[in-house]
Amino acid sequence: TAPGPRSYTTLRDEAVKLFNSLQQLESERDPVPLMQGVLQTCLDLPPLVDEIYCQLVKQTTEPPAPGGQGDLHYWQLLTCMSCTFLPSPPVLRFLRFHLDRTENRFPASEMAKYACFIREALGKTKRRECVPSLEEILVLMQRQEMICTVHCPGAPACSVAISSHTTAEEVAQELVSRLGLSQSPNLFALYEQSRRREQPVGSATLLADVLTRFE
């Protein structure tokens, strides 16, 4: 299930807890729930976003085993962070330097591939309403896209590949093109439906946030 409301102590205490979570991440067999927990804390406590970015840069600089499982877990969390939060300008400059340095030192490595993915994500990331779902985290760990199924009235369900940055308007436009409705005078929108309600999805809404709410 998606994370529910949490109670927090002081920022200092929460920063210490996050640091301990990062230490645990290195040896965690299933890192996804731990990653989602870190992301949720950062969403609830925005002042900690820069702290986690700095910690992850530190952990991925001169690691004991470059490209090992523990090192890649840090890169994977850094990937999820880059698709969820933008750091402050000074930390962003520091992060971009770290990404460039990694690509230069370890060309064609998994770390370099994550660094390239992160750089591209940072150019697209907007404020998220929700942290990535468990499914989205798994996809981001592989640097892939999610497959979203959209049910269209009078037509078969359509599968659409989306990223963490894809908006409802972009998906609606793609479906209109696929269904040959580009010349139609009608307006088209996406709707999300649950047992309790059906409502339109705002054109600028990130579909990844909608999927997290469903999870």
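The structure holds zero disulfides. A disulfide is a covalent bond between the sulfur atoms of two cysteines. The model is predicted, and the protein averages a pLDDT of 91, with 98% of the residues scoring at least 70.

**Cysteines**
- C80 takes part in no disulfide, and the cysteine sulfur nearest to its own, that of C83, lies 7.1 Å away.
- A disulfide needs two cysteine sulfur atoms within 2.5 Å.
- C80 counts as buried because its relative accessibility is 0%.
- For C130, the closest cysteine sulfur is in C148, and the 14 Å between the two sulfurs is too far for a bond.
- C130 is buried as well, because its relative accessible area is 15%, and the cut-off for buried is under 20%.

**Confidence**
- Within the protein, confidence is highest in helix α6, at 98.
- Confidence is lowest in strand β3, residues 191–193, where the mean is 81.
- Where pLDDT is low, predicted coordinates should not be read in detail.

**Helix α5**
- Helix α5 runs over residues 89–105, which makes 17 residues.
- From its first C-alpha to its last, α5 reaches 24 Å, close to the 24 Å expected at 1.5 Å a residue.
- Which residues of α5 are buried? They are V91, L92, L95, H98, L99 and T102.
- Why do the buried residues of α5 line one face of the helix? Seen down the axis of α5, they fall within an arc of 120°, so they line one face.
- The cover over the buried residues of α5 includes α3 (49–59), α4 (69–82) and α6 (110–122).
- On the face of α5 turned away from the buried side sit the exposed residues P89, R93 and N104.

**A buried glutamate**
- E136 belongs to helix α7, residues 134–141.
- Is E136 buried or exposed? E136 is buried, because its relative accessible area is 1%.
- Apart from its neighbours within four places in sequence, E136 is in contact with R128, M146, S164, A208 and T212.

**Two loop residues with positive phi**
- Most residues other than glycine have a negative phi.
- E62, which is not a glycine, has a positive phi near 55°.
- E62 lies in the loop between α3 and α4.
- With a relative accessibility of 56%, E62 counts as exposed, since the cut-off for exposed is over 50%.
- A108 is not a glycine either, and its phi is positive at about 70°.
- Where is A108 found? A108 is in the loop between α5 and α6.
- A108 also counts as exposed, because its relative accessibility is 71%.

**Annotated domains**
- An unreviewed UniProt entry gives the annotation "domain: Ras-associating" for residues 144–215.
- Over residues 146–215 the chain is 27% helix and 23% strand, with the end C-alpha atoms 14 Å apart.

Technical notes:
Residues are numbered from 1 along each chain as its sequence is written. This is a predicted model: local features need pLDDT of at least 70, side-chain atom pairs count only at pLDDT 80 or more; totals for chains, interfaces and linings use all residues. Side-chain values use heavy atoms; hydrogens and water are left out. Helices (H or I, at least four residues) and strands (E, at least two) are DSSP runs, numbered from the N terminus. The expected span of a helix is 1.5 Å times one less than its number of residues. Buried means under 20% relative accessible area, exposed over 50%, partly exposed in between (1.4 Å probe, protein chains only). The arc is that of the directions from the helix axis to the C-beta atoms. Contact means heavy atoms within 4.5 Å. UniProt positions are given in the numbering used here, feature names are shortened, and annotations may be inferred rather than shown by experiment. pLDDT is the predictor's confidence in each residue, from 0 to 100.
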